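Reader: I'd like to learn how to read a protein core. Can you walk me through one?

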Amino acid sequence: MSGGKPTVVIVDDHAIFRSGVRAELEGLVEVLGEAGTVEEAVRVIGEAHPEVVLLDVHMPGGGGVEVIRRVAETAPAQRFLALSVSDAAEDVIAVIRAGARGYVTKTISGPDLADAIRRVRDGDAVFSPRLAGFVLDAFAGQMSEAEVDPELDQLTMREREVLRLIARGYLYKEIALELGISAKTVEAHVSAVLRKLQLSNRHELSRWAVERKLVD
Amino acid sequence: MTQAQPQSTEATRLVRDPDDSIVAGVCAAVGRRLGIDPMIVRIGFVVCVIATSGFALLAYFAGWAWIPQAGGERGGKIEGKPAAEAKAERSRVPANWKVAGGVGLLTLSFLLVLRELGIWWSDALIWPLILATSGATLLWRQSRAMSPEPEEVARHPGMMSEPRGRHRAGIADLYRGGFGIALVVGAVLLFLASNDVLGETRDVVLTVIAATAGLALILAPFLWRLGRNLASERAERIRSQERAELAAHLHDSVLQTLTLMQKRADDPREVAQLARHQERELRAWLFEDERAPASESLARALETAAADVEDAHRVPINVVAVGDAPVDDRAEALVAAAREAMVNAAKFAPDAGEIAVYAELGPDGSQVFVRDRGPGFDPESIPPDRRGLRESIIGRMERFGGRAEVRSEAGRGTEVALTIGEPGS
């Protein structure tokens with residue numbers, strides 16, 4: 001865990017939003033650069049080497065998923081935090097599956113966003129209540145007997161409990177208190193969920209994303 | 001004709017390259033697709049033409065019409081559309097015709113086999129009959145497809161939109177209709193001619209048909225291009241109509257709200273509320289047809305209740321719903337109790353940030369959690385001013401066979417958990 005202010009690149013196709021985020025994060029993180037297109041993002045990230053990339057889910061030319069894919073070709077360890085107003089479940093899940101280490105909505109306050117950035121920088125996963133809801137929904141389908149990899153395709157009871165508490169608006173330390181475990185263990189559960197989400201090739205997950213029409 | 005090495009992406013698709021062609025590049029296209037030197041294909045083709053006394057030429061013209069041209073007029077972007085979309089559009093239309101052509105040829109070969117085997121009445125009857133049937137089928141199909149799409153019209157009443165479905169189908173209908181009529185007329189003529197009813201007029205008719213066919217061959221490319229131009233013009237018109245519709249909506253809603261927000265800039269709470277209200281409205285407008293109405297979906301009913309409370313009490317409420325359930329009496333009681341819990345949270349914790357509502361919904365049972373970060377209280381001694389909690393929440397849930405639990409601690413906020421039925425975990 002490294003100290004100090006995290007270094008950040010902000011990727012969003014709306015300049016007004018980029019400057020808003022920059023102003024809110026003033027003094028909390030060090031903004032190394034901004035990018036408004038997929039192309040620009042790949043270039044700026046390659047030059048600035050930020051610890052965390054704040055990534056808009058929706059952008060012309062492939063969106064956040066495309067940025068992650070292209071950056072991962074040269075810097076697979078780059079950490080991304082997805083940020084979006086749209087909250088379409090399939091888009092959010094797609095960005096997480098592409099490799100983002102968390103997802104927060106754009107209405108998040110400056111200090112909370114800085115905190116999320118710090119946690120992503122330190123290798124933790126950041127789940128907003130909405131993302132927790134999406135993930136619970138994605139893994140909620142009936143489990144057939146012939147699942148490919150039960151280890152990856154199911155959440156443990158504990159992971160489910162943690163996700164439900166996140167969805168209920170509990171902070172990590174409140175979850176720890178509620179379940180009688182340490183905050184680090186909560187982090188570990190959330191990271192495990194993230195890994196399952198990214199590694200699982202469970203076909204239901206992609207089918208779910210396609211079939212799901214709920215957009216909010 | 002040089003042996004230009006084709007690009008790898010072009011090698012796998014059947015496309016005509018205008019730079020590598022003698023007439024229209026059909027032989028070269030086939031050769032590239034099969035991985036054979038185009039020259040061999042060309043020689044083979046010429047042999048075929050001679051052997052079939054010219055009939056193979058028909059195949060060449062068919063190839064000319066069906067095989068798209070690489071990097072030509074339809075390549076790349078179609079008027080600012082993303083390339084992928086343009087590509088999808090390009091490949092969809094010819095694919096239909098290819099399938100139709102394939103089915104037609106298969107049917108023809110099947111019939112020829114039957115004829116060879118002697119399972120046949122007479123040429124004079126069967127051929128016209130088949131032509132007439134195909135034509136009539138096309139015409140019937142078309143007249144059924146012509147009926148307008150009412151939901152398309154009803155979607156945005158008051159907006160200046162024309163029914164879009166009819167536009168889109170128009171040109172295809174025209175082609176199909178013309179083709180169907182030609183088939184039926186041809187069948188009738190063929191029947192009459194082969195039964196010698198036409199007698200002398202046959203020669204005249206034959207001349208006219210031959211002349212018409214020749215003319216059609218000459219005019220076909222021009223008509224083809226005209227049709228394409230019409231289609232792209234229509235697409236452009238639809239796009240500009242959609243733009244106008246969007247502009248009208250944005251003006252009536254978003255711009256008005258922005259003006260209001262500028263006037264109330266000194267009241268941050270009011271501004272935030274206006275913004276949230278507008279956001280909700282805009283989302284509803286954008287995604288209305290993808291969502292179930294609140295009368296059918298418990299999740300939507302909860303979201304609607306949250307929106308009402310948010311508007312009335314100016315406190316942001318964030319709803320996360322997993323699963324869904326139909327709306328019945330129990331579900332209505334659940335929504336009413338949840339609404340009361342949200343109102344309580346908004347009243348007693350108005351400045352404590354967002355209220356979190358989490359719902360796990362299922363047909364067998366549902367659970368809703370309403371959490372605020374207000375001052376909290378001791379649930380053992382529910383203050384007298386919280387009668388709403390005892391009656392509207394706990395009482396209501398119990399009447400419908402459910403339960404309500406309140407967890408609150410001074411300084412830690414309050415969470416109301418509502419359960420009805422047996423929620424699956």
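Reader: Which residues does Val357(B) touch, not counting residues up to four places away in sequence?

Author: First, the ground rules. This is a predicted model, where local features need pLDDT of at least 70 and side-chain atom pairs count only at pLDDT 80 or more, while totals for chains, interfaces and linings use all residues. Residues are numbered from 1 along each chain as its sequence is written, with chains lettered from A and ligands numbered from 1 in the order in which they are written. Two residues touch if their C-beta atoms, placed from the backbone, lie within 7 Å. Val357(B) touches Leu302(B), Ala306(B), Ile317(B), Asn318(B), Val319(B), Ala338(B), Met342(B), Val368(B) and Val370(B).

Reader: What is the bridge partner of Val319(B) in strand 2 of chain B?

Author: Strands are DSSP runs of E, at least two residues, and helices are runs of H or I, at least four, numbered from the N terminus. Val319(B) has Val357(B) as its bridge partner. Strand 1 and strand 2 (residues 355–361) of chain B run parallel, joined by seven bridges.

Reader: Why is strand 1 of chain B largely enclosed?

Author: Buried means 20 or more other C-beta atoms within 10 Å of a residue's own. Five of the seven residues of strand 1 (residues 317–323) of chain B are buried, so the rest of the structure largely encloses this strand.

Reader: Which residues have the most contacts inside the largest nonpolar core?

Author: In soluble globular proteins, nonpolar side chains tend to be buried together. A nonpolar core is a set of buried Ala, Val, Leu, Ile, Met, Phe, Trp, Tyr and Cys residues joined through C-beta atoms within 7 Å. The largest has 107 residues, and those with the most contacts inside it include Leu81(A), Leu302(B) and Val357(B). Helix 12 of chain B gives the most to this core, ten residues.

Note on methods:
A residue is buried if 20 or more other C-beta atoms lie within 10 Å of its own, exposed if 12 or fewer, and partly exposed in between; C-beta atoms are placed from the backbone. Two strands pair if DSSP finds at least two bridges between them.
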